[in-house]
Amino acid sequence: MKKITIANRNNAIYEVRGNKPLLSELRSLGLDLPYGCQYGGCITCAAKLIKGKVDQKSQVALNNRQINNGYVILCVARAKSDCTFDIGVESHDKLYRNPFIDPLAQHELKANIATVREIKDD
Amino acid sequence: MEGLCCGPGYASPSEAIRAPSEKLLYTIAIYTGTGIQKPDYLATIDVDPKSESYSKVIHRMEMPGIGDELHHMGWNACSSCHDDKNMSRRYLLVPGVRSNNIYVVDTATNPKAPRIHKIIQGTEIKTKTNLSGPHTVHCLGSEIIISFLGDAKGEAPGGYLHLNKDFEILGRWENSMGDIPFSYDFWYQPRHNVMVSSEWAAPNTFMPGFDLEEVGHLKYGRRLHIWDFEKKRPIQTMYLGEDGLIPLEVKFLHNPNSSHGFCGAALSANVIHFWKTKNGSWEWEKIIDIDNEPHPDWPIPIPGVMSALLVSMDDKYLYINNWLHGDMRQYNITDPHNPILTGQVWMGGLLGRAPIVNGIKVAGGPQMYQLSLDGKRMYVTTSLFSTWDNQFYPEIRTKGGVMLMIDCDVENGGMKINKDFVVNFGNEPNGPSRCHESRYPGGDCTSDIWL
């Protein structure tokens, strides 16, 4: 079992197995979480990982900057260790940015296009 | 045979213009992406000036769950089956872009308090048709076609869901997507056996928000597609290039004999005009080009973001919005090659021209709009899409969306914001929601197609 701490819900603690996406595990334990597509494509359920490890390799919504800022797509991510999260839109301070004022560098794009660019440059 | 038939809609656009004024609107309001853990809902708005509850939300029909992101919607029937007395414009089909669910809403039993008639589950649509990301709903006779932007995993190009009049899944509508890379809006003109479709992006690209760099990586559209409507396959691509970055809404003139139509290229902030030539091929030209505007905090000038357009029922006026600039414009398109600017109003936007309208501080800019059949009353809302709102207008989270009404002068041209009408979705009982598309029970300027 993994211990999931929700920092911005008074450090509430939930015990999960880690064999299912965190969204479904935490909701089944009574935590009310936002979600949309439920396949890792739409970002509605994004939460910020403060401590711990997750496997979210099937997500396709986050760019590399968002991943580096700790964002996790809960509808597909599985806990790999004890984790601490901030959840909900209060955790989205760095998730949304005006793309004209604050553009991404090549390495900060979504993984699929950042990779394509590297191959081209070679 | 005008007025003799008893099916839905009207015998012709000119008959539609003479229909009674709308008394109710149905408007989508969302909580998805706002931080409020409540379902999106369909708001009924009283637009009868004689009513005590004029300019107020008088009913809220909540969806059964959270996270749909309701967006666009359409009727089960329109003037395309005007001669079918067994049909009626009774059901509104309301898709959730993120959940893939389609809610069939009965608006006839109690027009003020619509209710859910049937739910087509998103999982069933994925399993049977490999589609996700529903957008535009059109009917043709007793059948219904809905564009989807992605496959079941959210990758482009998506395709078209085909429903029968009982809202059962028949499968995919199209016989081929050809080499179309992206889907979005579509409109058709049966007398020319043509459908035109436009391009946004894959759901996995646009749903998380807008990364400008992805335009350069060809993750967003820049083409229009001409279809053989009967054969249900694309036959010609119009590559718009830099003039047509992110071509979104497509509308033909309402006159069913006309082949002239228009598309708003959102990022280029251009209007593309297209038409059929004498030899049967299709041509296009850019007829309106909105300049980007400087902003003290922006390193580059702000594009208009022309996210929608519509044509008045008499085919005289074209309306466009610039969501980031904050203006709505009216053009006389009597000569569709040479539009003439005849009206402009400001509400919200990033340029600071009209931050407060009718006493409300507007978060967002003019985004979706619907026009009365007589062309005189335009209802405008301010939210685009939850994630994109959050990027460009983060204050909409606490302020919510706004609906305003523009009085349109159909004789001489001109637009004026009506001082007596405002619906502030910032004051909704469950907290600030965001309003998007509207439909009128008796039809409007984006619901009807004539055979």
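This short talk describes a sheet, a helix and a chain contact in a predicted model.

Residues are numbered from 1 along each chain as its sequence is written, while chains are lettered from A and ligands numbered from 1 in the order in which they are written. Local features need pLDDT of at least 70 and side-chain atom pairs count only at pLDDT 80 or more, whereas totals for chains, interfaces and linings use all residues.

I begin with the sheet. In chain B, 4 strands form an open, antiparallel sheet in the order 4-5-6-7. Strands (E, at least two residues) and helices (H or I, at least four) are DSSP runs, numbered from the N terminus, and two strands pair if DSSP finds at least two bridges between them. At the edges stand strand 4 (74-75) and strand 7 (115-120) of chain B, each pairing on one side only. Strand 4 of chain B pairs with strand 5 (residues 91-95) of chain B over 2 bridges, and W75(B) stands opposite L92(B).

I turn now to helix 2 of chain B, residues 122-129, whose buried residues are G122(B), I125(B) and T129(B). Buried denotes 20 or more other C-beta atoms within 10 Å of a residue's own, and exposed 12 or fewer, with C-beta atoms placed from the backbone. Seen down the axis of helix 2 of chain B, these buried residues fall within an arc of 65°, so they line one face; the arc is that of the directions from the helix axis to the C-beta atoms. On the other side, T123(B) and T127(B) are exposed.

Finally, 32 residues of chain B are in contact (C-beta atoms, placed from the backbone, within 7 Å) with 26 residues of chain A. Helix 5 of chain B gives the most to this side of chain B, with 4 residues.

Terms used:
Two residues are in contact if their C-beta atoms, placed from the backbone, lie within 7 Å.
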